[in-house]
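Biologist: I'm new to this one. Could you bring it up and take my questions one at a time?

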Amino acid sequence: MPEETTPIDYVMEAASGPHFSGLRLDGLLSSPPSSPAHHFSFSSLPIQPFIIGVSGGTASGKTTVCDMIIQQLHDHRVILVNQDSFYRGLTPDELKRVQEYNFDHPDAFDTEQMLECVGKLISGQSVQVPIYDFKNHQRSSENFRQVNASDVIILEGILVFHDQEVRDLMNMKIFVDADADVRLARRIRRDTVERGRDINSVLEQYAKFVKPAFDDFVLPSKKYADVIIPRGGDNHVAIDLIVQHIRTKLGQHDLCKIYPNIYVIHSTFQIRGMHTLIRDQDISKHDFVFYSDRLIRLVVEHGLGHLPFTEKQVVTPTGSVYSGVDFCKKLCGVSIVRSGESMENALRTCCKGIKIGKILIHRDGDNGKQLIYEKLPKDISERHVLLLDPVLATGNSANQAIELLIQKGVPESHIIFLNLISAPEGIHCVCKRFPSLKIVTSEIDVALNEEYRVIPGLGEFGDRYFGTDD
Ligand SMILES: Nc1ncnc2c1ncn2[C@@H]1O[C@H](COP(=O)(O)OP(=O)(O)O)[C@@H](O)[C@H]1O
Ligand SMILES: Nc1ccn([C@@H]2O[C@H](COP(=O)(O)O)[C@@H](O)[C@H]2O)c(=O)n1
Ligand SMILES: [Mg+2]
């Protein structure tokens, strides 16, 4: 589809680096394991802020879009860092010949300092951000802006996608697009009104530096964007979508901070796209099953990543030794009938010959649950259990199932509960009672309604998956 006709251009690939997910392996895998059986301690990893990069040509509306996002979020956990703040101050010589200075070249910025500053924010420290004056091309020598660490950091500027190290910090990259003539008109107005310039100097600087640098550095960095916003601040649909995405992230962030045993898989636009499909009431049954299966497979793979492993060496066909790991062998799946059965195939596909037990829990009255049936392997107490149920709502069924497993001798820490969607109420209920088990989910929803249904949710998963909803 040509970009010009796309209202909001989703690049259907990872929009975010490892984030809020228990699968942030960097640093963990770089040091070789030292004992034969290792349990990853994911819970000891700090929760990283969500970093959004906003780039685009001069006067495309970057600052305007960021201000709108922050205003709509109305949340103190979001901070804005402008690349402009890291412009190098001009030397007296450079100042004398300011018309020859290229403010649009990457070298005009102190990127090292910006990286240091963002690095500190990421590690939870407050920073003093310089204050830059566009009228005299200098940083203030006395004043700084104190910025405190936060859950969401927005990094905005013409060249924030240029440097790979800066780009790599970002979980989401937004490019604000506007036609060159619109940008030039805005720039003339802004620079003459706010930045103390005259029209001639603006036009001269634009032709000599701004436009060539846009072509050489800004435009080529557009390819890194996950989302492209045409019409900048006028594009309310795009801004609403982005705000909604950030809100979801913040909601997850809170729960992940409270309960270190909840793991939300790394969110990408692929995953959001699949959720959009399975949550759509008008999707065909075939597509519902297809996309649910894809998501279930991802959750299962993430869940397996939390199992302990042992070191193993193999000899490759080149005769050399490869030092790797061996999977945990003592495993068992347990599905909560009936929806949980939809997750069995994915588990079987990943773990050849895995034993799968079943638990049937019946709703008793409004909110009570009664165990009706269970069939579990005899040696279940010696196995790590992957408990399967696609939706965690109140947490009552899950708690009953977990209690039964514990009664059968399964250590709480050997249980990994896998689901596609979790309601915050269910997370509170399960995580509070069983702090050492792990929950792996693909999205955390807003809440339960008065009928104990997950909102926005996806309706009765079992009925939709097994075709008994009509
Ligand atoms: N959608 C818009 N319509 C009209 N004027 C706008 C719009 N977006 C931004 N502007 C104005 O254009 C100028 C440049 O916008 P700004 O957000 O500062 O761009 P950037 O940060 O990308 O350089 C500002 O004076 C701003 O008020
Ligand atoms: N002393 C300076 C520093 C920068 N500029 C121009 O600012 C532009 C970047 O800011 P935006 O808000 O427009 O993204 C950039 O194009 C520089 O040319 C300047 O004129 N003087
Ligand atoms: Mg700006």
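Biologist: Which side chain does the side chain of Thr 58 make a polar contact with?

Modeller: Bear in mind that this is a predicted model. Thr 58 sits in the loop between β3 (50-56) and α1. From there its side chain makes a polar contact at 2.8 Å, and the partner is the side chain of Arg 187.

Biologist: Is Thr 58 buried or exposed?

Modeller: The cut-off for buried is under 20% relative accessible area. Thr 58 comes out at 7%, so Thr 58 counts as buried.

Biologist: Which element gives the most residues to the shell around ligand 1?

Modeller: The shell includes Thr 58, along with Lys 62, Thr 63, Thr 64, Arg 186 and Arg 190, among others. Two elements give two or more residues to it, α1 (62-73) and α5 (180-193). The top giver, with three residues, is α1.

Biologist: How far is an oxygen atom of ligand 1 from an N or O atom in the side chain of Thr 64?

Modeller: Let's walk along the chain. At Lys 62, a polar backbone atom is 2.8 Å from an oxygen atom of the ligand. At Thr 63, a polar side-chain atom lies 2.7 Å from a ligand oxygen. For the side chain of Thr 64, the distance from its N or O atom to an oxygen of ligand 1 is 2.4 Å.

Biologist: And how much of the accessible area of ligand 1 does the protein cover?

Modeller: On its own, ligand 1 has 550 Å² of accessible area. The share that the protein covers is 73%.

Biologist: Let's move to the rings. Why is the pair of Tyr 87 and Phe 103 called edge-to-face?

Modeller: A search of the whole structure finds ten aromatic pairs. In this one the ring centres are 5.9 Å apart. Planes over 60 degrees apart count as edge-to-face. The planes of Tyr 87 and Phe 103 qualify because they stand at 85°.

Biologist: How many residues apart in sequence are the parts that this pair ties together?

Modeller: Tyr 87 is in the loop between β4 (78-82) and α2 (92-96), while Phe 103 is in the loop between α2 and α3 (111-122). Tyr 87 is buried at 6% relative accessible area, and Phe 103 is buried too, at 8%. The pair therefore ties together parts whose separation in sequence is 16 residues.

Biologist: Which Arg lies over the face of Phe 134?

Modeller: Phe 134 belongs to an aromatic cluster that also takes in Tyr 87, Tyr 101, Phe 103, Phe 109 and Tyr 132. Elsewhere, Arg 183 lies over the face of Phe 214, at 4.2 Å from the ring centre. Over Phe 134, at 3.5 Å from the ring centre, lies Arg 195.

Biologist: Is Phe 290 buried, exposed or partly exposed?

Modeller: Phe 290 pairs edge-to-face with Tyr 291, with ring centres 5.0 Å apart and planes at 90°. Its relative accessible area is 42%. Since buried means under 20% and exposed over 50%, Phe 290 is partly exposed.

Biologist: One last thing: in β19, which residue is the bridge partner of Leu 392?

Modeller: There's an open sheet with the order β17-β19-β21 and parallel pairing. Its edge strands are β17 (391-392) and β21 (443-444). Two bridges join β17 to β19 (residues 421-422). In β19, the bridge partner of Leu 392 is Ser 422.

Terms used
Residues are numbered from 1 along each chain as its sequence is written. Chains are lettered from A and ligands numbered from 1 in the order in which they are written. This is a predicted model: local features need pLDDT of at least 70, side-chain atom pairs count only at pLDDT 80 or more; totals for chains, interfaces and linings use all residues. Side-chain values use heavy atoms; hydrogens and water are left out. Two strands pair if DSSP finds at least two bridges between them. Helices (H or I, at least four residues) and strands (E, at least two) are DSSP runs, numbered from the N terminus. Rings of Phe, Tyr and Trp (its six-membered ring) pair if their centres lie within 6.5 Å; planes under 30 degrees apart count as stacked, over 60 as edge-to-face and the rest as tilted. Buried means under 20% relative accessible area, exposed over 50%, partly exposed in between (1.4 Å probe, protein chains only). A charge sits over a ring if NZ of Lys or CZ of Arg is within 6 Å of the ring centre and within 35 degrees of the ring normal. A residue is near a molecule or strand if one of its heavy atoms lies within 4 Å of it. A polar contact is a pair of N or O atoms within 3.5 Å; within protein, one must be able to donate a hydrogen and the other to accept it, and residues adjacent in sequence count only if both atoms are side-chain atoms. Accessible areas come from the Shrake-Rupley method with a 1.4 Å probe; for residues, only the protein chains shown count as cover.
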